[in-house]
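Dear colleague,

My notes on what was found in it follow directly after.

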Amino acid sequence: DRKIKIAPSILSADFANFGQEIRAIEDQGCDWVHVDVMDGHFVPNLTFGPAMCKAIRPHIRTVMDVHLMIAPVDPYIDAFAEAGVDIITAHVEAGPHIHRTLQAIRATGKKAGLAINPGTPADAVAPVMDLIDLVCVMTVNPGFGGQKFIHSQIDKIRSLRAMIGDRPIHIEIDGGITPETAPLVAAAGADVLVAGSGVFSGGSVAKPEVYGQNIAAI
Ligand code: DX5
Ligand code: ZN
């Protein structure tokens with residue numbers, strides 16, 4: 001009996017009003033707040049860094065889930081930890097030493113996540129399974145909100161659920177989540193759904209119930 005969590009991405013929020021935007025989604029019952037950090041190098045877009053995270057932190061009552069789309073990662077881990085975030089997720093593709101990176105995140109006392117791009121196989125997670133609290137499966141190529149869901153990733157989610165079994169590791173899905181795709185990823189084994197454009201353009205958090213009745217059956 002897995003409870004599906006909704007993690008709106010503030011990438012699609014009004015950047016001049018993060019405080020208000022976060023209050024609105026939390027009042028509507030979102031579970032986590034997903035923060036997309038981009039460096040214009042690992043991904044072709046720029047967003048915000050640790051100082052912005054620190055400024056946003058006091059406005060978040062739930063969980064601050066930070067998705068780092070940056071390379072390198074290691075020089076910035078302490079700064080994000082000091083900003084008070086709860087989960088720090090790094091990409092396996094961001095460098096040759098993901099094991100070291102995950103150890104460094106854990107050493108700060110924060111939860112560690114591993115993100116994998118659409119072209120990366122599920123097997124990439126196995127060697128670092130004991131170092132992570134979350135796997136973030138990208139169902140779009142990272143960089144922008146509002147892209148189309150890549151259906152070929154569903155089999156990967158299923159494989160990851162089988163690999164993870166009962167370990168306390170979240171499977172988070174990021175990209176193209178809509179009322180149509182949410183039930184598919186939930187049925188494949190996901191338990192955290194990131195939603196950016198779906199939540200903010202519609203102005204409301206689509207809770208699992210409204211993402212489709214299939215989820216309720218899980
Ligand atoms: C993409 C980001 C996502 C993105 C999701 O690079 O990691 O978190 O904001 O946005 P939607 O839900 O619009 O696909
Ligand atoms: Zn993200």
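Apart from its neighbours within four places in sequence, H67 is in contact with H34, V35, D36, V37, T89, A115, C136 and D174. Please bear in mind that this is a predicted model. H67 belongs to strand β3, which covers residues 63–69. With 28 other C-beta atoms within 10 Å, H67 counts as buried, because the threshold for that class is 20 or more.

D36 lies in strand β2, residues 32–38. D36 is likewise buried, having 24 other C-beta atoms within 10 Å. Its contacts, again setting aside neighbours within four places in sequence, are S9, L11, T47, H67 and M69.

An unreviewed UniProt entry lists H34, D36, H67 and D174 under "binding site". These positions span 141 residues in sequence, yet no two of their C-alpha atoms are more than 10.4 Å apart, so they gather at one spot.

Turning to the ligand, there are 21 residues around ligand 1, and those that come nearest are S9, P142, G145, G196 and S197. S9, one of these, is also among the contacts of D36. At least two residues of the shell around ligand 1 are supplied by each of β2, β8 (192–195) and α7 (197–202). By residue class, the shell around ligand 1 holds 13 polar, six nonpolar and two charged residues.

Yours sincerely

Definitions and conventions. Residues numbered from 1 in each chain as written. Chains lettered and ligands numbered in written order. Predicted model: local features only at pLDDT ≥ 70, side-chain atom pairs only at ≥ 80, totals over all residues. UniProt positions renumbered as here; feature names shortened; annotations may be inferred. Helix = DSSP H or I, 4+ residues; strand = E, 2+ residues; numbered from the N terminus. Buried ≥ 20, exposed ≤ 12 C-beta atoms within 10 Å, placed from the backbone. Contact = placed C-beta atoms within 7 Å. Near = placed C-beta within 6 Å. Nonpolar A, V, L, I, M, F, W, Y, C, P; charged D, E, K, R; others polar.
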